[in-house]
Every structure is written in structure tokens, then in C-alpha cells.
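Please look through the sequence and the model below before reading on. The paragraphs that follow go from the overall layout to the sheet, and then to the metal site and a few single residues.

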Amino acid sequence: MAGEKDFAVAASSEWTDDEDGVRLPAGEAHAWVPGQNQTVCGLPLRRAQLTRFPHVTWADALPESGGGADRVKRLCPRCRSAAAGRTAGRDSWRRVNPRP
Ligand SMILES: [Zn+2]
């Protein structure tokens, strides 16, 4: 489970919680590693017009977490399985693979 905490979120839209004033993801959410310019599934953030949420963990964007997921309509299934598959070998995900 630790692996999901290593990812942040990029989403197609955003909303701001009135009480906390915190930006939260909405619409379609992807897993994203802060510092990279693409999502875990390989979407270029800028071209896909995704907003970054470095302060929101992927685990918090999962609907079952009840965290910041209130307005997330859809989770990218590819990002989801990628994030779930990174629970072992904490160092391996840091290696940046060249694009195919
Ligand atoms: Zn994705």
C-alpha cells in the first residue's frame, strides 16, 4: 500500500474546498510523479490540459479513500494499475524510462 502514497494526482479539472481553501482534483484523475511532465500512463500534462496536484496523493484521489476524491468522476485505469503495482521495490519507480 505504500506505493500509492508515492504518487500525486493530475486531473482534468479542479475545485476548491471552501472551508480549507485547498485545491482538489475533479473530473478525470491520473497518477503523477511530481517533477515529471507526464502522467504515469504517459499523457503529456500540458497537451492533455491536466492540472497538477502535488499536495494530493494518489491514495487520496481513490473514491474509497473518502479523502480528496469527492469530485473525481473517473480514475484512469492504467494509472490505477500502475500505482497499485508499485508497492514492491520502492526504488524501481524512480528510474525514468525513456519514452518508447
Ligand atoms: Zn492515466
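Two strands are said to pair if DSSP finds at least two bridges between them, and the strands themselves (E, at least two residues), like the helices (H or I, at least four residues), are DSSP runs numbered from the N terminus. By that rule strand E1, which covers residues 8–16, is joined to E3 by 4 bridges, and the two run antiparallel. Within this pair, Ala 8 stands opposite Thr 57 of E3.

The model is predicted, with local features needing pLDDT of at least 70 and side-chain atom pairs counting only at pLDDT 80 or more, while totals for chains, interfaces and linings use all residues. Residues are numbered from 1 along each chain as its sequence is written, and side-chain values use heavy atoms, with hydrogens and water left out.

The protein chain holds 2 helices and 4 strands, and along the sequence these elements follow the pattern β-β-β-α-β-α. The 4 strands form an open sheet with mixed pairing, in the order E3-E1-E2-E4. Strand E3 (51–57) and strand E4 (72–75) stand at the edges with a single partner strand each, so one side of each is left without a neighbour in the sheet. From one strand to the next the twist averages 30°, where axes are lines fitted to C-alpha atoms (for helices over the stretch in contact) and angles run from 0 to 180 degrees between N-to-C directions.

E1 is also joined to E2, by 8 antiparallel bridges, and here Ala 10 has His 30 in E2 as its bridge partner. The hairpin of E1 and E2 has 6 residues between the strands, and in it Gly 21 takes a positive phi near 65°. On the pairing with E4, E2 runs in the parallel sense over 3 bridges, and Gly 27 stands opposite Val 72 in E4.

How many of the residues of E2 are buried? A residue is called buried under 20% relative accessible area, exposed over 50% and partly exposed in between, using a 1.4 Å probe and protein chains only. E2 is mostly covered, with 8 of its 10 residues buried, and of the 100 residues of the protein chain 38% count as buried.

His 30 brings us to the metal site. The zinc ion is coordinated by His 30 (ND1), Cys 41 (SG), Cys 76 (SG) and Cys 79 (SG), at 2.1 to 2.4 Å; donors are N, O and S atoms within 2.8 Å of the metal (3.2 Å for Na, K and Ca), and sites may look incomplete, as water is not among the atoms. In sequence, the donor residues are spaced H-x10-C-x34-C-x2-C. Cys 76 is buried, with a relative accessible area of 6%, and Cys 79 is buried at 0%. The count of disulfides comes to 0, a disulfide being a pair of cysteine sulfur atoms within 2.5 Å.

Two residues of the loop between E2 and E3 can be set side by side. Thr 39 is found in that loop and counts as buried at 1% relative accessibility; leaving out residues up to four places away in sequence, Thr 39 touches Ala 10, His 30, Ala 31, Leu 45, Leu 50 and Cys 79, contact meaning heavy atoms within 4.5 Å. Gln 49 is also found in the loop between E2 and E3, but Gln 49 is exposed, with a relative accessible area of 64%, and has a positive phi of about 55° although it is not a glycine.
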